[in-house]
Amino acid sequence: MDQPRTALVSKFMTLERHIIEGERSHPDATGAFSGLLHGLSLAAKLVWREVTKAGLVNILGMTDHVNVSGDEVKKLDEFADETIYRAMDHTGHLCVMASEENESLLNIPDHYSHGNYVLIYDPLDGSGNIDANVTVGTIFSVFKRVTPSGKGTMEDILQPGYKQVAAGYVLFSSSMMFLYSTGHGVHGFTLDPTVGEFLLSHENIRIPKRGAIYSVNEGNFNRWDPNMRRYVEYLKSECKEEKRPYAARYIGSLAADFHRTLLYGGIYCYPGDMKNPDGKLRLMYENNPLAYIVEQAGGAASDGKRRILDIVPEKLHQRSPLFIGSSEDVKIAEEFLGGKR
Ligand code: AHM
Ligand code: MG
């Protein structure tokens with residue numbers, strides 16, 4: 001009751017209002033962005049509904065791929081993939097899409113109009129963890145098309161990350177969050193399930209310049225090159241001024257590991273190794289959107305040698321190593337990897 005009026009009012013910044021107000025500041029805006037982000041937030045709510053039921057599958061009598069009524073039960077990542085596609089295919093704002101779950105690009109059906117934007121998404125990142133009730137996420141990236149009109153092509157998809165016009169991710173966790181940037185900072189919204197609205201909870205997120213947490217699958221240690229091993233040994237060695245040893249945290253679900261890194265600072269690494277020289281993560285679906293977000297929050301993202309956003313992709317499912325987080329941490333990682341330290 002004693003809460004100041006302004007504090008109460010600020011809680012009513014919904015995702016939709018935030019997007020519309022952001023768009024109004026651009027005189028030539030067409031409303032396409034509002035439409036796009038609205039479609040994505042709707043898809044996120046539909047995916048969340050299924051994710052929260054994941055643990056009930058056996059209890060409700062669903063077996064493997066068939067539920068009690070004989071309907072086929074889709075795997076959650078396939079469900080998420082299709083839900084996002086269907087929420088976005090008819091909006092008139094997109095000319096083409098690409099999803100981590102699909103080998104080739106996703107065309108907009110002929111009977112819908114084709115717009116000026118391109119959507120690239122990882123429908124349910126970290127879905128391998130879902131049986132353990134671990135946080136998973138949807139990651140997305142938006143580009144402006146480069147071809148003039150009609151159906152989008154591979155040329156529209158294979159653009160370097162610095163050309164993104166928006167990116168974001170949704171976290172399916174103890175609460176659901178929607179974070180996005182259109183190049184004016186990073187803003188986070190938490191779903192109020194009682195009213196079904198995303199409300200602004202994290203305005204203009206800034207990542208600390210340096211952190212004290214590292215996040216990497218250290219089980220691969222013996223496959224790393226010596227510079228990577230030396231870097232991790234450095235993070236674990238004692239130095240009070242630099243807050244070392246760093247704490248190790250690894251969920252194994254990129255969206256979740258990234259989110260913690262964004263809020264607390266530090267570094268997330270998925271390096272290349274002897275078995276997989278380009279690491280595991282995909283440039284277009286994971287690294288580019290998160291690199292855009294982290295830079296918008298004052299951080300950095302590198303493949304160990306160069307800025308992620310500068311990489312010109314050659315193929316749809318291209319992988320690249322990822323070092324992402326606080327700007328100073330990423331710089332130090334690059335120095336180790338380049339043998340300069
Ligand atoms: P996915 O897109 O098939 O879910 O794979 C990506 C996931 C990331 O979420 C996570 O950071 C990484 O794979 C974990 O890999 P690993 O098990 O090798 O540590
Ligand atoms: Mg993924």
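Trainee: What makes helix H2 and helix H3 roughly antiparallel?

Mentor: The axes of H2 (residues 15-24) and H3 (residues 32-51) cross at roughly 160 degrees and come within 9 Å. Axes are lines fitted to C-alpha atoms, for helices over the stretch in contact, and angles run from 0 to 180 degrees between N-to-C directions. Under 35 degrees counts as roughly parallel, over 145 as roughly antiparallel, 65 to 115 as roughly perpendicular, and the rest as oblique. The value of roughly 160 degrees is over 145, so H2 and H3 are roughly antiparallel.

Trainee: What should I know about the model itself before going on?

Mentor: This is a predicted model, where local features need pLDDT of at least 70 and side-chain atom pairs count only at pLDDT 80 or more, while totals for chains, interfaces and linings use all residues. Residues are numbered from 1 along each chain as its sequence is written, chains are lettered from A and ligands numbered from 1 in the order in which they are written, and side-chain values use heavy atoms, with hydrogens and water left out.

Trainee: What makes a run of residues a helix or a strand?

Mentor: Both are DSSP runs, numbered from the N terminus: helices (H or I) need at least four residues, strands (E) at least two.

Trainee: Which way does H2 pass H3, left-handed or right-handed?

Mentor: Right-handed. A crossing has that name if the near helix is turned clockwise from the far one by less than a right angle, and is left-handed if anticlockwise.

Trainee: Which residues of H2 and H3 meet?

Mentor: Leu-15, Glu-16, Ile-19, Ile-20 and Glu-23 of H2 meet Ala-32, Phe-33, Ser-34, Leu-37, His-38 and Ser-41 of H3. Contact means heavy atoms within 4.5 Å. These residues divide into six nonpolar, three polar and two charged. Ala, Val, Leu, Ile, Met, Phe, Trp, Tyr, Cys and Pro count as nonpolar; Asp, Glu, Lys and Arg as charged; the others, Gly among them, as polar.

Trainee: How do you know that Ala-44 counts as buried?

Mentor: Ala-44 lies in H3. Buried means under 20% relative accessible area, exposed over 50%, and partly exposed in between (1.4 Å probe, protein chains only). Ala-44 has 4% relative accessibility, so it counts as buried. Ala-44 touches Val-170, Phe-172 and Met-176, not counting residues up to four places away in sequence. From Ala-44 to Pro-123, C-alpha to C-alpha, is 9.4 Å in space, and the two are 79 residues apart in sequence.

Trainee: Why does Gly-338 count as partly exposed?

Mentor: Its relative accessibility is 47%, so Gly-338 counts as partly exposed. Gly-338 is found in the segment after helix H9 (327-337).

Trainee: Why is H8 called largely enclosed?

Mentor: Twelve of its 14 residues are buried, so H8 is largely enclosed by the rest of the structure. Among them are Leu-283, Met-284, Tyr-285 and Glu-286.

Trainee: What makes helix H7 roughly parallel to H8?

Mentor: The axes of H7 (residues 254-264) and H8 cross at roughly 15 degrees and come within 12 Å. That angle makes H7 roughly parallel to H8. Leu-254, Phe-258 and Leu-262 of H7 make the contact with Glu-286, Leu-290, Ile-293 and Val-294 of H8. By class, the contact has six nonpolar residues, no polar and one charged.

Trainee: How do you know that Asn-133 and Lys-243 count as exposed?

Mentor: Asn-133 has 74% relative accessibility, so it counts as exposed. Lys-243, at 60%, counts as exposed too. Asn-133 has a positive phi of about 60 degrees although it is not a glycine. Lys-243 is not a glycine either, and its positive phi is about 55 degrees. Lys-243 sits in the loop between H6 and E10. Pro-245 is in the loop between helix H6 (226-236) and strand E10 (247-248), and a cis peptide bond joins Arg-244 and Pro-245, with omega about 5 degrees.
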